[in-house]
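Please open the structure in a viewer and keep the selection panel at hand.

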Amino acid sequence: MTGKIISQVIIRNKLFKAKDKVVVGVSGGPDSTALLVLLTESGLDLDCIAAYIDHGLRPGETEAEQQMVAGLALKTGARFCCRAVPARDYATAHGLSLEEAARILRYQALEAIRLEYDAALIAVAHTADDQVEEFLLRVVRGCGKKGLTGMRSRHGRIIRPLLELRKQTLLDFLGARGIPFCVDSSNLDRRFLRNRVRLDLLPTLEQQLNPSVRRTILQTMEILQGEEDLLTRLTEEALPLIENKGLDHLAIPIAPLRAIHPAIRRRIIERCCWTLDARPTFRQIDHILSLIDGEGPGREVHLGGGLRMRTTTDSLDFRYPMGRKAFRGSGMAAVKIDTLIPGPGVYPIAEIGAVLELSLEEIPSGRDDRLYADADRISFPLRLHSVVAGQRFRPSGRGGSRKVNRFLNDRGISSEMRHYYPVLMMQEQVVALPGVAVDESFRLDPDSRIVLAIAWRHPQAGDDPGDR
């Protein structure tokens, strides 16, 4: 009966083709022992390589396991190979748990064996019970919906033919056939979180809350998997929103991002980070999402490894401003502006891609987005200059003197964006902050006859002078 179920799973999920060469991970335990037997008896004439991976964690049991797997390979007609990996050293070097280090090295070793034997696939022996344990582990550790959908029968070259079978079914199969297997003593070690889930949490849930909790969890995972497939499709349809701005530089326009469902927004941002080899946390993505609703340009989120997300006037901008290395600060080079303004006219400010336009006019009957200063109090030449630390001016109509940088900050202009807002000066006196405010000394009053109209067109979409 078990063999028939396996055949159905193989056919339904298109796991193999006849005569495929397959590396089978075999630890000697009941699940992987049953897997090797079932695959060699599947009727597909598979060329199986039984691969035993020694993690160096149980030297007293390794030799017996290796001999058992080698003997099983001989009986089933599979080839046999063995590889050793330094799980403990790897865990220490990379700050990982032994479980995680062993998992990483195990899959690396299986992939190396696959390449060595020119095999098509790697088969591993995860069962329905492993699915349930994995679900609870991910709930405890925290993950998104995708994580709660569990393992798939096929992921790239990794296949899991036993994923729909209970461990007890496999034990019954081995017992009926008289096939021996080994028992891994580490499976009883409660220092490992997975073992505490298997030995303590699941039995407690079954005994005190729901005897059918395993089936309930598997059904929940199936529902979540269907919903995940739908969300993945909707996300793929929205992926063209991500704009490639060059090497290690992506952007997402804010306006169309606001128009889609928040669940898809989160996935688009996550995909953008993944594309740039970053793995954002829940809080980081939540922070980025909070900035979509208009806190203004120049807001920044540090995503690790040197990746920064900065809001611009109309997009979320992802880049490595200092390369792929961790550092403090925004990584934006300071931009220095010092432009002589001999008289009215149009002045491109190449350093930041902005344009200053000055014109002498009569008192306007209506106002536009320009600033107006009393021309009779101004004498050319003027100078457009970067703000100097501690520099002060008197905002028109506000009363009192303010530090320019503090004033810009109060207007929602962050330190990363302030190089787009230089000061227009007459000798040592600030005339105006183009695009922001006129100094009280030059504001219009009832006696004003001629105005100096100040138009300031700063770059859009947070263009960086380094891009020009």
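Predicted model: local features only at pLDDT ≥ 70, side-chain atom pairs only at ≥ 80, totals over all residues.

Residues are numbered from 1 along each chain as its sequence is written, and side-chain values use heavy atoms, with hydrogens and water left out.

**Whole chain.** Select the protein chain and colour by secondary structure: there are 14 helices and 22 strands, taken as DSSP runs (helices H or I, at least four residues; strands E, at least two) numbered from the N terminus. The radius of gyration is 33 Å, well over the 23 Å that the globule rule gives for 468 residues, so the chain is more spread out than a compact globule. That radius is taken over C-alpha atoms, and the rule is 2.2 Å times the number of residues to the power 0.38. Along the principal axes, the C-alpha atoms fill a box of roughly 105 × 40 × 40 Å.

**Burial.** Next, colour by accessibility: 46% of the 468 residues count as buried, that is, under 20% relative accessible area with a 1.4 Å probe, protein chains only.

**Helix pair.** Now select residues 30-40 (α2) and 167-177 (α8), whose axes are 9 Å apart at an angle of about 65°. The axes are lines fitted to C-alpha atoms over the stretch in contact, with angles from 0 to 180 degrees between N-to-C directions.

Methods: Buried < 20%, exposed > 50% of the residue type's maximum accessible area, 1.4 Å probe, protein only.
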